[in-house]
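Hi everyone, thanks for coming. Please take a moment to look at the sequence and the model on the screen, and then we'll walk through a few features together.

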Amino acid sequence: MHRRHDLDWLRVIAFGLLVIYHVGMYYVSWDWHVKSPAASIAPEPFMLLSSPWRMSLLFLISGVATAFMFERRPAGLLRRRSWQLLLPLLFGMAVIVPPQAYYQVVEQLPGGYSESYWAFYGKYLSGYQGFCDSDGCLRVPTWNHLWFLPYLWSYTVLAWLLWRLLPTSALQRLRQWSGFLLGHWGALVVPAAILAVARLLLVNRFEQTHALIDDWYNHAQYASVFMIGFLGAFSPRFWESLQRLRWLSLIVAAGCYAGLIHVWYLSGYNDAQPPPVELRLLLRLAWALNQWCAIAALLGFAYRWRNADSPLLRYLTLAVFPLYILHQTVIVVLAHMLKPLGLTPAIEAGLLIAATLTLCLGAYALIRRCPPLRPLFGLQREPAITPRTASANAVTD
């Protein structure tokens, strides 16, 4: 059983895009924790290049990695995974996330907020429900961008239940059947159909809350791609089909993206004049096709690099989890601090991206050398020094 370095590279790239995406959230018209005075719709088409598929790709890679973990070391896996995911979640909610909520209150609370951070922090920990505006009240404590962790843990429990409840032969047959369905054209058609049905039936009925218990559309898409990764992890038929269809996948994804952007930003439709129902249904279908075909293209093009290991990759594979935990708080704090300088958006955004990556990678260099901090950021206590041990320390591995 060989490590899939192509998936490691895609995971690193996806988490890097997450930094760029969350910096972009400061400048678009969509709701976020803090907002630039120059926020507008102009950057939104760029943001939508990765918005449909970025998190789905991470969940699919997580499903593959979970399958590898069950094959390599199944005993105690749920306990180890719970420790690796839930401890950083609790630490993040208590220590890392509060500055995001504080600056959100400072910038968005009607009439402003003048109390100190520590006065706010006491209210944050107590579950204070008085931070309210016309859109509702801020629920604290909150996990904000760390929502990925409880979702990933929940889907890991689902995979663990399959492993525990199904006989080994039945699980193997399920994987073989999944590999058959995902072979050839099925590598595109089956996942795209699942995501299309989920979007057509659920996206308008369930708001995307990232609150776990009521987020049914997100569960439909993310649990589906996680299980596709989990069940198709060992199917050469699936991966080779993705490689053969990579150019077609790219063309379909690009065409769907162009259609979405044309209707949403160039055709004159808006909140006051929404598209007709039939067109909205076609847009949902285009979103799902873009979502899966972009993932399929990335997996197909990357597959030839499945054996391309390097010291840089091993370093970054371990760094992505601490970077993920820290990055949004760093962005929010830096954006609030830079706002009085009145920088142009282009200069400010570049500075935010560079400073966030630098500070987070610098923090990782310290965290990896401090045994008490390592578990709080999803790393094993002992430093990993080999390619094989590195695989046990990544959040999605």
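I'll talk about cysteines, then aromatic rings, then a pair of helices.

First, some ground rules. This is a predicted model, so local features need pLDDT of at least 70 and side-chain atom pairs count only at pLDDT 80 or more, while totals for chains, interfaces and linings use all residues. Residues are numbered from 1 along each chain as its sequence is written, and side-chain values use heavy atoms, with hydrogens and water left out.

Let's start with cysteines. A disulfide is a covalent bond between the sulfur atoms of two cysteines; here, it is called when the two sulfur atoms are within 2.5 Å. How many disulfides does the structure hold? It holds one. Cys132 and Cys137 form it, with their sulfur atoms 1.9 Å apart. The link of Cys132 and Cys137 is right-handed, with 100° about the S-S bond.

What about Cys293? Cys293 is in no disulfide, and the nearest cysteine sulfur, in Cys256, is 6.5 Å away. Cys293 is also buried, at 4% relative accessibility. (Buried means under 20% relative accessible area, exposed over 50%, and partly exposed in between, with a 1.4 Å probe and protein chains only.) By that scale, Cys132 is partly exposed at 27%, and so is Cys137 at 42%.

Now the rings. The structure holds 35 aromatic pairs. Rings of Phe, Tyr and Trp (its six-membered ring) pair if their centres lie within 6.5 Å; planes under 30 degrees apart are stacked, over 60 edge-to-face, and the rest tilted. Take Phe59 and Trp147: this pair is tilted, at 6.1 Å centre to centre and 40° between the planes. Phe59 lies in helix H3 and Trp147 in the loop between strand S2 and helix H7, so the pair ties together parts that are 88 residues apart in sequence. (Helices, H or I of at least four residues, and strands, E of at least two, are DSSP runs numbered from the N terminus.) Phe59 is buried at 0%, and Trp147 is buried at 9%.

Finally, the helices. H11 and H13 pack at about 100°, their axes 7 Å apart. Axes are lines fitted to C-alpha atoms, for helices over the stretch in contact, and angles run from 0 to 180 degrees between N-to-C directions. That makes H11 roughly perpendicular to H13, a label for angles of 65 to 115 degrees (under 35 is roughly parallel, over 145 roughly antiparallel, and the rest oblique).
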